[in-house]
Amino acid sequence: MTDNTQRPDSGHDSTPELPTQYTPAEVEGELYERWVERGYFEADAKSDKPPYTVVIPPPNVTGSLHLGHAFEHTLIDALTRRKRMQGFETLWQPGMDHAGIATQNVVERELAKEGKSRHDLGREAFVERVWQWKGESGGQISGQMRRLGDGVAWSRERFTMDEGLSQAVQTIFKRLYDDELIYRAERIINWCPRCLTAISDIEVNYQDDDGELVSIRYGEGDSSIVVATTRAETMLGDTAVAVHPDDERYRHLVGTEIELPLTGRRIPVVADAHVDPEFGTGAVKVTPAHDPNDFEIGQRHDLPAIAVMDEHAVITVHGPFLGLDRMEARSAIVAALRAEGRIVAEKRPYVHSVGHCSRCNTTIEPRLSMQWWVKVAPLAKAAGDAVRDGRVAIHPQEMEKRYFDWVDNLHDWCISRQLWWGHRIPVWYGPAGEVVCVGPDEQPPSGEGWHQDTDVLDTWFSSGLWPFSTLGWPEQTESLAKFYPNSVLVTGYDILFFWVARMMMFGLYAMDGTPPFHTIALHGMVRDQFGKKMSKSFGNAVNPLDWMDKYGSDALRFTLARGANPGVDVPIGEDWVQGSRNFANKLWNATRFALMNGATVQGPLPAPERMSATDRWILSRLNTVVAEVDAYYDDYQFAKLSDALFHFAWDEVFDWYVELSKTTFQAGGEAAEVSKRVLGEVVDVTLRLLHPVIPFVTETLWTALTGRESVVIAEWPQDSAFRDAAAEAEIAEVQRVVTEVRRFRSDQGLQPGQRVPARLTLAGTLLAPHEDAIRQLLRLQPEGEGFHATATLPVAGAIVALDLSGTIDVAAERKRLTKDLGLAEKEKADTTGKLGNEAFLAKAPEPVVAKIRARLSTAEADIARITAQLGALPEA
RNA sequence: GGGCGUGUAGCUCAGCGGUAGAGCGCCGCCCUUACAAGGCGGAUGUCGGCGGUUCGAAACCGUCCACGCCCA
């Protein structure tokens, strides 16, 4: 790794020329390429530094960078850049997942344009075609991550379909199979009739749709029962009607058979405790092959399951409805029933919750089918326990509840997909009904009648292995030994159930009970500037690349970081990005000022005795901020740390320290030399503190200031423990007097630049050493001959007398003073009231009482001062 | 239906038991030699409603109202 020492050619005899405005677009790309070339982001498994490992929840190979990625990556990049500066061997692992359904969809659409389907190509050629697509147009996000500045170890980039990761998949499948945690079973699954595959429960989105609720009379006369349904087409597959066992209305019918309309079939009436007697008529139709609840009722009562649709959700039952799509069939069947006089009631629209495919939004068709499953109970138990017993921490902690609710109530996970793109299930079937699961080092059985399962595995089956498969598992690699477990997983709370739970289950299982990460840091969703969800259809989605082009990557990153409160959604608007750009520009110009005035980082800091109170104040504050920022980082409080740095840099360093130092630099001499070193220190440390969040502008400025190689490999600042409360109090007085007099000047309508003769009486106050600076900041001239004070402002024990040449706006001044007097009197009344309350005096802690006493005496002093000033004003 | 969460300045949000804050926006003055992507000054809130606990409540408890999210 490169040594971060002074470059020989970077003497400070000549000040580097910086333009007056910062143009990010000119430098960002070049800086990033330099960082990568120099290998700053690579991680060495042989290093003796302590490891810090983060995996990116692998983005989808079909995707491109959106604000959600930009947000998450900003947080991860900030964490890892700081750790790298702190001397950790830092690995941020990049890569993508193969996104089975999404990718297959993309390539099938391409084929469709050529008038072909995947079946025209055949499986092998199709998969070949997908690889070709991936090579040409997949993985755009990798390039876009460079734009953002992500410090990832590119040489380690992985893809879930890589050879090594596929080995990992086969290995864990075999182990789980041998442990009887993977099994094959026929159940009702979520079927997408467009994607033509099963999907898992969490890939189904429920939304309220307008449907119809139709009440149908089954049977005849006294033995008829009315059932209500939103899915009339499934009645063709009904094999029972169910009622609650305690329901008096139907007790006499339980055990009898009634006729199922349109079919001529007779079906039993069964009693099942799961039927809600309060809902509708209290009787439900039972279609075991097309509804998960009905399937269970069917199991309990040994009912046949009659499938009435094919994989496209087209009716397969012979008769007038054969070949109709499920929606067409619904209308046709309702019409036929109506013609028979069997429709008792119709409610339309009937709003109810309907499942949709999260990939294509097609309505899910529950379907009875043979699939592969993971038995999650023992795995989920372990995943829950790891958090319960504190081996894994969730930030913010409130999110633990959601995690437990989820892992403690997990259903078995359907992992087989009827796709061609993905990891093919390593199970072979033999001619005599043999089933053989094949491990990665084994030869699959061959010969007459043997064939491999045609399904592939859920993409999450492979991305769940990501925290260790990327490190070479199942091989016992150096990287695995060095970098597992990961330090932290940073991801959105919406992903808790997707990747997080799976990574936890697989990590604990595969790595002998070692969880995949110590900490799960959850962030919110990016929203627009009004807090609305971003969506293409709503038209408020933003392409982060546009904002990066316009304002720079740093501006986007800083805006996102400033909004990042743990687990809370972050709104973002262009105005705010602009504000962040302005901050970067301010930083730029402040550093320019420092360079123009000879700020230096050479040599040790002067001893405190040699420094002015101003120097000691800013160093005291600087160290306080270092400590604050560290605490916020350790608690994943990105908004807080960004805000602390923003305010320290702008409100304290730029607005006050830099302004105060101007007087020092003008005067020259020893004090100026000391301040040059202090200013250099303050800017240097501030840039290093900001670097993890805004890497580009800080790199440019820091290298210009220090002449060193790169801030990426600079040391993270440490709190030197230097504090100077006296200096802080002294500068607070300076700020107070300057602000007071500025306010007076503004009220009096004086132009900011207008020089005013003044007499300052500062003797005996903390302000005495600061007369020059105060005069400079307030544009006060020395009192010349014929000085005549027309306004006298007592503040902080000092007196500032101004000669406004006899003209002062008495009305404006009286108005202001009256307002201040009112505030002071209210303060006096409030505090007097509290101090007159014996219960308060008896029960409130002493520091609080002391504080109230201090406020009272301040208020009284203010009242005396202001009253005197008002008395001294000429009559209007 | 079950669970979680949120209502604080025009907007977006911090604060979570001891003087109501920030960013952006707004008003006024200013191109003061680092910066107009800037400087200085200013205005703005019965902290959703009602009860309670407390010496003291934006904060804690109860309740109501209004939103939002997740799960079924």
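These legends describe close-up views of a predicted model. Local features are given at pLDDT of at least 70 and side-chain atom pairs at pLDDT 80 or more, while totals for chains, interfaces and linings use all residues; side-chain values use heavy atoms, without hydrogens and water. Residues are numbered from 1 along each chain as its sequence is written, with chains lettered from A and ligands numbered from 1 in the order in which they are written.

**View 1. Helices H7 and H15.** The axes (lines fitted to C-alpha atoms, for helices over the stretch in contact) of H7 (residues 163–178) and H15 (residues 496–510) come within 12 Å and cross at roughly 75°. Helices are DSSP runs of H or I with at least four residues, strands runs of E with at least two, numbered from the N terminus. H7 and H15 are therefore roughly perpendicular (65 to 115 degrees, on a scale from 0 to 180 between N-to-C directions). Ile-172, Arg-175 and Leu-176 of H7 make the contact with Phe-506, Tyr-509 and Ala-510 of H15 (heavy atoms within 4.5 Å).

**View 2. Two cis peptide bonds.** The bond from His-395 to Pro-396 is cis, with omega near -10°; Pro-396 is in the loop between strand S15 (393–395) and helix H11 (400–407). The bond from Trp-473 to Pro-474 is also cis, with omega near 10°, and Pro-474 is in the loop between helix H13 (466–469) and helix H14 (478–483).

**View 3. Asp-302.** This residue, other than glycine, has a positive phi near 60°. Asp-302 lies in the loop between helix H8 (292–301) and helix H9 (326–339). At 69% relative accessibility, Asp-302 counts as exposed (over 50%, with a 1.4 Å probe and protein chains only).

Terms used:
Parallel < 35°, antiparallel > 145°, perpendicular 65-115°, else oblique. Buried < 20%, exposed > 50% of the residue type's maximum accessible area, 1.4 Å probe, protein only.
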